[in-house]
Amino acid sequence: MKLAVMIALCFVVVSAAKAGKATPLFETDDAIAISISAPWRDVARAKPEDPPIAGVLTIGNETLPIALGTRGKSRREKHVCEFPPIRVEFAEKPPATSLFHKQDKLKLVTYCRRSAKHQQLVLKEYAAYKLYNAVTPQSFRARLSSVSYVDAKKGTTDIERIGFFLEDIDDLAKRVDLEEVERGRTPLAMLDQPAAARAAVFEYMIGNLDWDMTAGPEGEDCCHNSKIIGPSKTAEAGLAPVPYDFDMSGFVDAPYAIPPEQFRLRSVKSRVFRGFCAHNDETRAAAADLLARRAALEQAVASTPLLAAATIRKATEYLDGFFKDVATDAAVEKNLIGKCRG
């Protein structure tokens, strides 16, 4: 796989050369501690289309007025999660001295259930973002945070749990000298082939089937659990998919995660390659690149704050299955190329 590795590294050098400066919140990986005061019972009951609910975010001595809304689908179902993922919207522009300077709206991945086991799931999903950061700058940055949920009506802290903020797509695009592209169904020919192959191989590595890089769910714009960035807002070539939402992956292995029906699998831990045959050369290069990064990828998991030793061991063992699947040219041909779409 020497030639493939050389090709893959060329892609990495080009991509890395375009990496710029992040907004203050995502400049480092140091965990932060915040509190959010809000009428949480009202927030938890709200639908994504409901008007946002006023709250206050506090970090250190700084308080920022915010508005809160719910988001997502499966995690808003009561039988799945006790508490939904939320969106934080800043009612006023945070000052230049604030860690949240230049932020407008942010996704906050919250706790699903209160148990310590579910905290480990949040941390594993955070680790999945760090894995893709280790592969390419064209990836969402995440900022781990301890969140105190203060009941605005009582003035008392209801619960404190780990969560993480996700970088806004516009900030990500600016950081890599591209722009978000909002469109409907996206023909395969419009995609940047190395970026598309890289995303597909990564999704295979973490065992995720809950995505699509050419179409969104019925009635929604492209794409399902991925955003598109390109040379301009109206670009129709060189479009790079950026994946997100990894809680349904085998790597995270959430108790509520089930494989999409069309795959007829018993477990989300079963891998199915969903890359495209048109990208076979780039798929080989992406597989070689991830294999060459094995140490860095394993370190991304091992260095995740608060991740229990047993969780690290199981997550690393799951990644080991991927590395075996791409260990040789023959293995790549059998497990990826031989299963490509189209």
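This is a predicted model: local features need pLDDT of at least 70, side-chain atom pairs count only at pLDDT 80 or more; totals for chains, interfaces and linings use all residues.
Beyond the residues up to four places away in sequence, Leu 131 touches Phe 202, Met 205, Ile 206, Phe 251, Leu 297, Ala 300, Val 301 and Leu 319. Leu 131 belongs to the largest nonpolar core, a set of 76 residues; together with Phe 164, Met 205, Ile 229 and Phe 251, it touches the most other members. Colour helix α3 (residues 116-133) next: with nine residues, this helix supplies the largest share of the core. A second, separate core comprises 29 residues, including Ala 22, Leu 68, Phe 100 and Leu 108.

Next, select strand β6 (residues 142-151).

Strand β1 (residues 32-38) runs parallel to β6 and is joined to it by seven bridges; Ile 34 has Val 147 as its bridge partner. Strand β7 (residues 156-166) runs antiparallel to β6, with 10 bridges between the two, and Ala 142 stands opposite Leu 166. Four residues separate β6 from β7 in a hairpin, and Gly 155 in the turn has a positive phi of about 75°.

Move to the open sheet of three strands, ordered β8-β9-β10 with antiparallel pairing. The edge positions belong to β8 (179-180) and β10 (240-243); each has a single partner strand, so one side of each is left without a neighbour in the sheet. Two bridges pair β8 with strand β9 (residues 226-230), and Glu 179 is found opposite Gly 230.

Select Arg 71 next, in the loop between β3 (62-70) and β4 (86-90).

Gln 103, in the loop between β4 and β5 (105-109), is another buried residue, with a relative accessible area of 4%. Its side chain makes a polar contact of 3.0 Å with that of Thr 23. The contacts of Gln 103 also include Leu 25, Phe 26, Phe 90, Pro 94 and Asp 171.

Finish with the salt bridges, of which the structure holds 17. Display Arg 75 and Asp 247, whose side chains meet at 3.4 Å, N to O. Arg 75 lies in the loop between β3 and β4 and Asp 247 in the loop between β10 and α6 (280-292), so this pair ties together parts 172 residues apart in sequence. Arg 75 is buried at 11% relative accessibility, and Asp 247 is buried at 5%.

In helix α8 (residues 309-325), Arg 313 and Glu 317 lie four residues apart, about one turn of the helix, and form a salt bridge of 3.6 Å, N to O. Arg 313 is partly exposed at 44%, as is Glu 317 at 47%.

Conventions
Residues are numbered from 1 along each chain as its sequence is written. Side-chain values use heavy atoms; hydrogens and water are left out. Two strands pair if DSSP finds at least two bridges between them. A nonpolar core is a set of buried Ala, Val, Leu, Ile, Met, Phe, Trp, Tyr and Cys residues joined through side-chain atoms within 4.5 Å. Buried means under 20% relative accessible area, exposed over 50%, partly exposed in between (1.4 Å probe, protein chains only). Contact means heavy atoms within 4.5 Å. A polar contact is a pair of N or O atoms within 3.5 Å; within protein, one must be able to donate a hydrogen and the other to accept it, and residues adjacent in sequence count only if both atoms are side-chain atoms. A salt bridge is a side-chain nitrogen of Lys or Arg within 4 Å of a carboxyl oxygen of Asp or Glu.
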